[in-house]
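Subject: Structure handover

Hello,

Here is the structure I said I would pass on. Please open it alongside this email as you read.

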Amino acid sequence: MKQYKEKFDGLAKSYDLYRPRYPQSLFREICHWLPKDRALSIVDIGAGTGIALEGLANLLGQHHHYTAIDISQDMIDTGKQKLPWVSWLHGSAEQHLANVCNPDLIMAAQSFQWMDRATVLNLVRSSLADNGIMAILQNNRDYQHSEFLNEYENLLEELSPNYSRHYRDFDYVQELNTAFLHENSLHITLNTRWNMLIPSEEFIEMSRSSTQVQRALAAHGELFVERLKMLVDKYQSEGKLVILYESQLFMVVKKINFGNE
């Protein structure tokens, strides 16, 4: 987790400003399975600046008890400024989950890839309240349906050391099935495709907020920036780019009472 901390320290403000948000359809699916008659306990592990919590709270409201856990103090400091009603904990999910009392929802977004996932999922299973939810969300660039994004991935694979566009090809469905094998649980997967129209300069700044591009900049400096600008110029229209995403939700509801759906 120290490596994860080093990846994101110093990037928090641009990360929060430029990173894409998650589709509301994913949060609506989560909310459908949450209790409606009481205040909830919600925990976001690897919360970063609270992008996922912010999207969820837009639907649920701020009156629930929200806890955000992150290894980067830089991310936490930025998150506290915009989400002061959230309880922020500095450290790893492994450190803090055992001390969180029976949350109704444990959520992990892009950061789940960096964790010791088997250990975290075992802690999640032990920590969740009955009928509690584990939800994993991620946004992936849809390079299979975009010539621009395919070339962008080619550029990263060429100039960002050890980068592969398949770096997040984990089988989260199987990992959740394994972790909750002996539980009476409901498993849900939701995929949605969408696109974002973004000014070209903002896309470049969004790129700079990623660890893959930071590695490319460290290795090649201005060469990477020049190549990126050439690529953006090739595909932009009236100073804007269309970015395609595939967003995914992997979710398990623990010990659900199927008679009360």
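Predicted model: local features only at pLDDT ≥ 70, side-chain atom pairs only at ≥ 80, totals over all residues.

Residues are numbered from 1 along each chain as its sequence is written, and side-chain values use heavy atoms, with hydrogens and water left out.

Phe224, Val225, Leu228, Leu231 and Val232 of α12 are buried (under 20% relative accessible area; exposed is over 50%, partly exposed in between, with a 1.4 Å probe and protein chains only). These buried residues fall within an arc of 130° seen down the axis of α12, so they line one face of the helix (the arc is that of the directions from the helix axis to the C-beta atoms). On the other side of α12, Glu222, Met230, Asp233 and Lys234 are exposed. The cover over the buried residues of α12 includes α8, α10, α11 and β7.

Helix α9, residues 172–179, has Tyr172, Leu176 and Ala179 buried. They span an arc of only 65° around the axis, which puts them on the same side of α9. Among the elements covering them are α7, β5, β6 and β7.

Next, the largest pocket. It is lined by 48 residues, and Gln110, Asn139, Asn140, Tyr167 and Arg168 lie nearest its centre (a pocket is an open set of points on a 1 Å grid over the protein atoms alone, where a 1.4 Å probe fits, with protein on both sides within 12 Å along at least five of seven lines; lining residues have an atom within 4 Å of a point). β7 gives the largest share of the lining, 5 residues.

Last, Thr67 lies in strand β2, residues 65–70. Thr67 counts as buried because its relative accessibility is 6%. Leaving aside neighbours within four places in sequence, Thr67 is in contact (heavy atoms within 4.5 Å) with Ile42, Val43, Asp44, Leu53, Val86, Ser87 and Leu89.

Regards

Key:
Helix = DSSP H or I, 4+ residues; strand = E, 2+ residues; numbered from the N terminus.
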